[in-house]
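Reader: I have just opened this one and would like a guided walk through it. Could you take me through a few places, one at a time?

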Amino acid sequence: MNAYVTGFPGTNEFSFAPADERRLDAVCRIARFDRPTLVLDPAIAADAYRALKSGLGAAHVHYAVKANPEPAILRALLAEGCRFDAASRGEIELCLGLGARPDQISFGNTVKRASDIAFAHAAGVDLFAADAEDEIAKIAAHAPGAQVYIRLLVEATEADWPLSRKFGCAPEKAIPLMARARALGLRPVGLSFHVGSQTRRASMWAPTLDRVAAVWHAAREAGFDLDLLNIGGGFPADYGDPVEAPAVYAAGVMDLVRARFGAVPRVMAEPGRGLVAEAGMIVAEVLLVSRKSDDDLHRWVYLDIGKFSGLAETMDEAIRYRFVTDRDAEATGPCILAGPSCDSADVLYEKRPVQLPLGLAAGDRFVIRTAGAYTSSYSSVGFNGFPPLDVVVI
């Protein structure tokens with residue numbers, strides 16, 4: 001390969017000479033680390049932003065910072081004109097510190113500490129989410145006069161990673177919450193929802209949009225001059241199952257929106273996974289390959305990374321990562337894939353075993369593709385003494 005990488009474990013500096021292969025793949029096939037490491041290429045996130053934006057048109061893209069808060073990613077997106085969806089004071093401070101303007105940030109978590117609302121308001125953030133009476137009261141008390149949008153509960157979606165139950169209010173509560181917000185001096189400007197993470201086709205949005213549109217039109221008929229529709233995330237990444245190209249997908253979603261809502265003055269989208277998943281790969285190592293009995297049909301492959309050190313989205317085997325090894329030319333067989341911790345829940349794929357090379361052995365490199373989203377941000381505590389996921393930027 002006409003590429004070289006220099007770097008040392010525990011650092012985040014590399015020198016890369018361009019090659020025919022994409023930089024990220026080349027680095028992960030060459031670099032060695034002494035512990036699991038997420039390798040990120042911010043240029044891929046910037047490319048994904050441009051693709052989604054071309055399909056979304058006039059809609060504002062607010063990157064969901066929780067997907068991956070790496071400053072290099074945020075800088076790359078900010079340079080493209082991206083805005084940000086923040087879930088906490090820490091994320092707001094991070095975005096502001098990197099040069100984002102307050103009017104480029106929305107405080108999208110519906111469960112906020114009162115002092116964090118006050119901080120955001122004092123910093124100039126004017127757009128807040130809510131789904132309950134008490135949250136509206138907190139916003140009114142600590143961000144008087146702010147814009148507020150009501151998040152609706154979304155159920156029965158076709159997303160690989162549903163986001164139902166915890167966030168949002170029932171449709172019949174939306175208008176009373178808007179009335180409460182207006183009575184307390186806030187500006188109820190719109191609605192938000194989340195169709196569910198990794199919604200693989202734009203057509204899957206239709207039933208959810210139908211339900212949201214019914215509330216939207218009812219609220220306008222009730223005298224609320226709504227001008228903001230926050231369509232949330234759901235934009236998919238390529239984990240191997242067929243997904244539409246980002247620009248085509250985003251354009252398809254916007255066609256569905258226009259058909260139901262007409263001309264909406266402000267549309268927001270909050271992609272996370274769709275912007276950063278393909279911008280990262282994890283370089284890991286095989287720790288052990290074993291069989292539980294001599295006639296066991298499945299090998300067990302244990303990695304030095306698991307559910308508690310970055311791969312939380314393997315819960316219920318919802319997100320199916322793809323893998324690269326140095327033995328991919330060999331014959332394969334079914335494996336149960338597990339992490340290193342002394343916790344029986346730390347099994348990644350067992351219901352649907354993965355096909356891995358028969359010669360795979362302890363010490364082999366194990367690259368996890370499409371791992372830029374919800375890996376380093378989930379790996380924040382050294383459970384069982386295993387270190388949090390290292391991050392390297394190329």
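Reader: Which strand pairs with strand E3, and over how many bridges?
Author: Keeping in mind that this is a predicted model, strand E3 (residues 37–40) pairs with strand E12 (residues 280–290) in the antiparallel sense, over 4 bridges. Within that pairing, Leu 38 stands opposite Ile 282 in E12.

Reader: Okay, and what does E12 do with strand E17 and strand E13?
Author: E12 pairs in the antiparallel sense with strand E17 (residues 365–368), over 4 bridges, and Glu 285 stands opposite Arg 365 in E17. E12 also pairs with strand E13 (residues 299–303), again in the antiparallel sense and over 4 bridges, and there Val 289 has Val 301 as its bridge partner.

Reader: Switching to helices now: how do H8 and H9 cross?
Author: The axes of helix H8 (residues 206–221) and helix H9 (residues 246–261) come within 9 Å and cross at roughly 35 degrees, and the crossing of H8 past H9 is right-handed.

Reader: Which residues meet there?
Author: From H8 the contact takes in Ala 206, Leu 209, Asp 210, Val 212, Ala 213, Trp 216 and His 217, and these meet Leu 256, Val 257, Arg 260 and Phe 261 in H9. Sorted by kind, the residues of this contact are 8 nonpolar, 1 polar and 2 charged.

Reader: What about helix H4, which residues are buried in it?
Author: In helix H4, which spans residues 89–97, the buried residues are Glu 91, Ile 92 and Cys 95. Seen down the axis of H4, the buried residues fall within an arc of 100 degrees, so they line one face of the helix.

Reader: Why would residues a few places apart end up pointing the same way?
Author: An α-helix has 3.6 residues a turn, so residues three or four places apart point the same way.

Reader: And what covers the buried residues of H4?
Author: The cover includes helix H3 (71–79), strand E5 (83–86), strand E6 (105–107) and helix H5 (114–123). After H4 comes Gly 99, which has a positive phi, near 110 degrees.

Reader: How far apart are Thr 199 and Phe 119?
Author: Thr 199 and Phe 119 are 80 residues apart in sequence, and from C-alpha to C-alpha they are 34 Å apart in space.

Note on methods:
Residues are numbered from 1 along each chain as its sequence is written. This is a predicted model: local features need pLDDT of at least 70, side-chain atom pairs count only at pLDDT 80 or more; totals for chains, interfaces and linings use all residues. Side-chain values use heavy atoms; hydrogens and water are left out. Two strands pair if DSSP finds at least two bridges between them. Helices (H or I, at least four residues) and strands (E, at least two) are DSSP runs, numbered from the N terminus. Axes are lines fitted to C-alpha atoms, for helices over the stretch in contact, and angles run from 0 to 180 degrees between N-to-C directions. A crossing is left-handed if the near helix is turned anticlockwise from the far one by less than a right angle, and right-handed if clockwise. Contact means heavy atoms within 4.5 Å. Ala, Val, Leu, Ile, Met, Phe, Trp, Tyr, Cys and Pro count as nonpolar, Asp, Glu, Lys and Arg as charged, and the others, Gly among them, as polar. Buried means under 20% relative accessible area, exposed over 50%, partly exposed in between (1.4 Å probe, protein chains only). The arc is that of the directions from the helix axis to the C-beta atoms.
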